[in-house]
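User: I would like to learn how to read a model like this one. Please take me through it feature by feature.

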Amino acid sequence: MRTGLNRTFAAVLVVSAVLIGCALGLIFLVAPEEKVMGAVQKIFYFHVPIAAMTFLSVFLLLAGGAGYLWTRRAIWDHLAVAASEVGLLFCTLVLITGPIWAKPAWGVWWTWEAKLTTTLILWLLLAGCLLARRYAATPEQGARIGAVLGIVAALDVPIVYKAVDWWRGQHPIVFGPGKTNPLAPGMSEAFGVSMLAVLTLYLVLLIARIRLSSLEERIAELEDASGRFR
Amino acid sequence: MKSYAFLFWGYLVVWIGLVGYLASLGRRMTALARRIERLENRREA
């Protein structure tokens, strides 16, 4: 049975698991508790890297969508499908971990402030990309609509990023232009390792999802061929 | 604010989401690889 995933993939998966273990150790054993928020602030070490990977996913979706519209080559579409599916998962986790922090910090699970609302719009656009593919009349039409929606989703990313600057809101800004590193010693290391851990896990999921699309394409080819010679 | 319960649920959701998706990808890939093998064998026969 050949899934086509080689030893390098397995190695990245192992590295990712080790990094996740290190990150959890640093978060709970080394990083100090934040003075105002206490323990609940520790959700930040995964919430922020997951949000960063959501953005990365949308940029890859933009590249995949634009590449497909330009060349009509399946590999670009595989990238777009993988980026929208993995991106939707990461965006969902952002929208779950955010309220888990917001409830104790703000007293509410959700508020219709700019950053949260634009992130929800991003989630809807990513879900739309996948739904368009599923319900399109042909796979080519689905790929085209998915690519266009992916480009629209990419336009939302800078709006999500700048939402607090443009419209003000309750969402904290920890990093950004003109900001000095606000993390105490111990926090920076935990955050850096968490970022690396989430990045490697993201790459594992993305590569696996691209490979899945290739397998689906191969099946379509084989079924097409067997239909022709029947 | 002091409770770790919120954190516990937050981390649980993250890991169930990520590991569950990875497992589902693995399962889907294995199923597709088996189907490809069957189709190739049928073609060769």
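User: Which residues of α4(A) are buried?

Analyst: Keep in mind that this is a predicted model. A residue counts as buried if 20 or more other C-beta atoms lie within 10 Å of its own. In α4(A), the buried residues are A:Lys115, A:Leu116, A:Thr118, A:Thr119, A:Leu122, A:Trp123, A:Leu125, A:Leu126, A:Cys129, A:Ala132 and A:Arg133. They pack against α3 and α5 (139-167) of chain A.

User: What span does helix α4 of chain A reach from its first C-alpha to its last?

Analyst: The helix covers residues 114-135, 22 residues in total. Its span is 31 Å, close to the 32 Å expected at 1.5 Å a residue.

User: Which residues have the most contacts inside the largest nonpolar core?

Analyst: General idea: in soluble globular proteins, nonpolar side chains tend to be buried together. Here the largest nonpolar core has 70 residues, and A:Ala153 and A:Ala190 have the most contacts inside it. At least two core residues come from each of α1 (7-30), α2, α3, α4, α5 and α6 of chain A, and from α1 (5-44) of chain B. The largest share, 15 residues, is from α3(A).

User: What does A:Ala190 touch, leaving out residues up to four places away in sequence?

Analyst: A:Ala190 touches A:Ala23, A:Leu26, A:Ile27, A:Val30, A:Ala31 and A:Tyr45.

User: Is A:Val193 buried or exposed?

Analyst: A:Val193 sits in helix α6 of chain A. It has 22 other C-beta atoms within 10 Å, so it is buried. With residues up to four places away in sequence left out, A:Val193 touches A:Leu19, A:Cys22, A:Ala23 and A:Leu26. A:Glu113 is 80 residues from A:Val193 in sequence and 30 Å away in space, C-alpha to C-alpha.

User: How many residues of chain A are in contact with chain B?

Analyst: Interface size is often given as the accessible area lost when the parts come together. Here we count residues: 32 of chain A are in contact with 27 of chain B. On chain A's side, α3 (74-106) and α6 (187-228) each supply at least two residues. α6(A) gives the most, with 14 residues. The chain A side divides into 19 nonpolar, five polar and eight charged residues.

Terms used
Residues are numbered from 1 along each chain as its sequence is written. Chains are lettered from A and ligands numbered from 1 in the order in which they are written. Two residues are in contact if their C-beta atoms, placed from the backbone, lie within 7 Å. Helices (H or I, at least four residues) and strands (E, at least two) are DSSP runs, numbered from the N terminus. Ala, Val, Leu, Ile, Met, Phe, Trp, Tyr, Cys and Pro count as nonpolar, Asp, Glu, Lys and Arg as charged, and the others, Gly among them, as polar. The expected span of a helix is 1.5 Å times one less than its number of residues. A residue is buried if 20 or more other C-beta atoms lie within 10 Å of its own, exposed if 12 or fewer, and partly exposed in between; C-beta atoms are placed from the backbone. A nonpolar core is a set of buried Ala, Val, Leu, Ile, Met, Phe, Trp, Tyr and Cys residues joined through C-beta atoms within 7 Å.
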